[in-house]
Amino acid sequence: FPSHDIYGINGKSIDKIKIELEKLLNIQFEDRYSDYLGGDYCLASSTPGDYSSSEVKVIKNLSDSPINEGWYEEDFQDFEYILEIDDDFSPSPDEVFEIISTQAKDIKPLVRRILNKEKNDILIFKLTNNKFELII
């Protein structure tokens with residue numbers, strides 16, 4: 001479980017989201033399919049072809065897959081698509097947050113999850129007053 005930021009997106013097709021994010025973040029997405037991730041999704045890897053590298057994913061929140069039905073992010077059912085950015089991706093989550101919050105106001109930052117390796121648990125931060133604040 002890598003640490004990551006979660007954003008919510010509505011009112012756009014996955015293709016439009018992909019094109020917008022490629023331009024804003026200077027990354028290249030691949031179209032993918034996974035029953036585990038609920039169907040079609042887009043993936044950008046920091047090192048293409050390296051499955052252990054950090055990633056950015058655009059995922060349909062409500063699964064289309066008959067194998068894995070349900071919500072990808074159940075706490076955020078108001079959003080059709082989820083943008084998930086690993087913490088060690090380049091640009092960094094803080095840089096991505098700055099770009100998105102100033103240039104893509106229809107993409108909403110939702111939560112930042114950070115793995116606390118010392119205690120083997122996850123710290124959850126929610127966006128409050130334009131800053132991520134610890135909630136759990």
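Helix α2 (residues 93-103) lies across β1, β5, β6, β7 (121-128) and β8, running at about 20° to β1. Here helices (H or I, at least four residues) and strands (E, at least two) are DSSP runs numbered from the N terminus, and axes are lines fitted to C-alpha atoms, for helices over the stretch in contact, with angles from 0 to 180 degrees between N-to-C directions. The model is predicted, so local features need pLDDT of at least 70 and side-chain atom pairs count only at pLDDT 80 or more, whereas totals for chains, interfaces and linings use all residues. Residues are numbered from 1 along each chain as its sequence is written, and side-chain values use heavy atoms, with hydrogens and water left out.

The predictor's confidence in each residue is expressed as pLDDT, from 0 to 100. The chain has a mean pLDDT of 84, and 93% of its residues reach 70 or more.

Eight strands form an open, antiparallel sheet in the order β2-β3-β4-β5-β1-β6-β7-β8; two strands are taken to pair if DSSP finds at least two bridges between them. Because β2 (30-34) and β8 stand at the edges with a single partner strand each, one side of each is left without a neighbour in the sheet. From one strand to the next, the twist averages 25°. Strand β2 is joined to the antiparallel β3 (residues 39-45) by five bridges, and Y33 stands opposite D40 in β3. Helix α1 packs on the sheet, touching β1, β2, β3, β4 (55-60), β5 (81-86) and β6 (107-116), and its direction makes about 5° with that of β3.

A nonpolar core is a set of buried Ala, Val, Leu, Ile, Met, Phe, Trp, Tyr and Cys residues joined through side-chain atoms within 4.5 Å; buried means under 20% relative accessible area, with a 1.4 Å probe and protein chains only. The largest core has 25 residues, of which L21, V58 and L83 touch the most other members. At least two residues each come from β1, α1, β3, β4, β5 and α2, and α1 gives the most, with five. Apart from this core lies another of six residues, including I6, I82, L110 and V111.

In the segment before β1 (4-9) is S3, which is buried, with a relative accessible area of 7%. Leaving aside neighbours within four places in sequence, S3 is in contact (heavy atoms within 4.5 Å) with I85, D86, D87, R113, I114 and L115.

Notes. Buried means under 20% relative accessible area, exposed over 50%, partly exposed in between (1.4 Å probe, protein chains only).
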